[in-house]
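Here are a few friendly notes to read alongside the model. Take them one at a time, and keep the 3D view open as you go.

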Amino acid sequence: MNRLAQAIILSWGWRRRGIAFSAGAVSALAQAPFFLFPLLWLTLPVLVLLVDGAVSSRFSGRTGRSMAAFGAGWWFGFGYFLAGLWWVGSAFLVEADQFGWLMPFAVVLLPAGLAILWGLGVVAARLIWSSSSWRIFALAFGLGSAEWLRGHLFTGFPWNALGYALTAGEVMMQSASLANIYALSFLAVVVFAAPVTLLTGERRKYVAPLLSVAVVLALAGYGLVRLGSASDASVPGINLRIVQPAVDQAQKWLPENRNRVFQDYLTLSAEPGSHPLDGQTLVVWPETALPFILTDEPAALAAIGRLLPQGAHLATGAARLENEADGSRRVFNSIYLVDSDGTIVGSYDKVHLVPFGEYLPLQDLLDRIGLRQLSLLGGGFSSGTRRRTLTLPSTPPFVPLICYEIIFPGEILADDGDRPGFFLNVTNDAWFGHTPGPYQHLHQARVRAVEEGIPVVRAANTGISAIIDAYGRVRVSAALGAKTFITGGLPEAAEIPLAARWGGIFTLIHLLICFSAGFLALSRENAPVPLTQTASRQKR
């Protein structure tokens, strides 16, 4: 084992890059749908060893070490993000004649860009690096900080954050009630990098690996206890029906298909269900369900009104058109609420848009040179102004979240701060086909439910639609790609978890602990040896 470690430390050139890339790619298997998180006990120690050997042939001193550390972190991150996000390229094949040529660039450039943050994170770690076992805290400080930045810079993209490795399965998932995914990312690095201490000559080299296993077992034990006392109750009198029409994204917007698509929604919404409650309280259709502007189609609204039982409502994703005074128009990715009279009684405009999917940064400039976002909407979608709670007479208040708005820890409550009865998440993952993407998206929605202690009602065009309780348990779901509907009651919300109350503070505490441990270890290592000790050693 020591010979292998030395080979990693002393590796050079493309061999070194290949080791970092491969270790990062294997690390991605810790995420959904594989959840092979024990692999991180092998791969993160590899990154530690690469940082141990981070020196440059071109530059000396701190500059050389920092540049080599950046390279190790970047290649590790590039492997991780490429293996975990390759499925993003599927979206460019939906309109292959227009966007297919961009697929290789997107598949490579997104991971390459995200890996920059990991490279910088490893540089930050290298600045407080020591040769002791405590250097794993320095790595946790660097990568944990990089994960927080990844969730906030340039609108943020915290997809597959390292902390999700500690949320595999219902039992481990309960750890998210203690600390949000950013705090768990700091902890995950410490836990999974710990086996590297086995390679030291320290007498207590087994302590850190054993403690890391103990932490995982403790989190699992906490999860078992929490689930053992979890409520299975549902809110009385509410019957949900979630429609999953599995509309082919490439066919959806063709004019000749619009009536068939709408009719599929009506048919699936009206089919008899198996739920014991009579009637439907809330019917949910996915993101941009309708291939037309609903407010321009009174016949469609009338059909929806005829569909719904008295007192029931439909929540549907739809494009909303707003005409400006200067004759221009803005289009929003929205949710409409429609009652049994066919009247729109509420709406929400998506606040957190997807870069390059729903809008282009520097939109005017890129429009002039002929680039378009995947939505093919001239000018892109406009962003809503605020996240807010919606209310219906037949359900508790809820917060609507469109597509990946649900992946942002601590940012999914309404701006007024009121605690809702549930989250309504509508999405369209048809862009990504039968790939890991939809499974990863579902898992992150489940973790948000645990963090906030609030159930999630999720409608996805091709899946995975689900009713998720406040403990992240899937009450009922539809298979990926199935054309179907699901019914069920609305789970009750849980008590406010610690993660919801103190998530940001716990993240800061984890950061400070990791930085302090790494910095103190370096300080002890660099401290001058007292003259008495020097004299004593010379006598020996």
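1. Is C514 buried or exposed? With a relative accessible area of 4%, C514 is buried, because anything under 20% counts as buried. Please keep in mind that this is a predicted model.

2. Another cysteine to look at is C403. Its relative accessibility is 13%, so C403 also falls under the 20% limit and counts as buried. As for disulfides, the count comes to 0.

3. Now find strand β4, which spans residues 329-339. Of its 11 residues, 9 are buried, so the rest of the structure largely encloses this strand.

4. One partner of β4 is strand β3 (residues 313-323). The two strands run antiparallel and are joined by 11 bridges. Together β3 and β4 make a hairpin, with 5 residues between them. In that turn, G327 has a positive phi of about 90 degrees.

5. Strand β5 (residues 344-349) also pairs with β4, again in the antiparallel sense, through 5 bridges. Here V338 has I344 in β5 as its bridge partner. This hairpin has 4 residues between the strands, and G342 takes a positive phi near 80 degrees.

6. Strand β7 (residues 395-402) and strand β8 (residues 422-427) are paired in the parallel sense, over 5 bridges. I402 is a handy landmark, as it stands opposite V426 in β8.

7. Finally, turn to a pair of helices, α3 (residues 40-52) and α4 (residues 61-85). Their axes lie 9 Å apart and the helices pack at an angle of about 155 degrees. Angles over 145 degrees count as roughly antiparallel, and α3 and α4 are therefore roughly antiparallel to each other. Their crossing is right-handed. On the α3 side, the contact is made by T43, L44, L47 and L50; on the α4 side, by A72, G73 and F76.

Conventions. Residues numbered from 1 in each chain as written. Predicted model: local features only at pLDDT ≥ 70, side-chain atom pairs only at ≥ 80, totals over all residues. Heavy atoms only, no water. Pairing = 2+ DSSP bridges. Disulfide = S-S within 2.5 Å. Buried < 20%, exposed > 50% of the residue type's maximum accessible area, 1.4 Å probe, protein only. Axes fitted to C-alpha atoms, helices over the stretch in contact; angles between N-to-C directions. Parallel < 35°, antiparallel > 145°, perpendicular 65-115°, else oblique. Left-handed = near helix turned anticlockwise from the far one by under 90°. Contact = heavy atoms within 4.5 Å.
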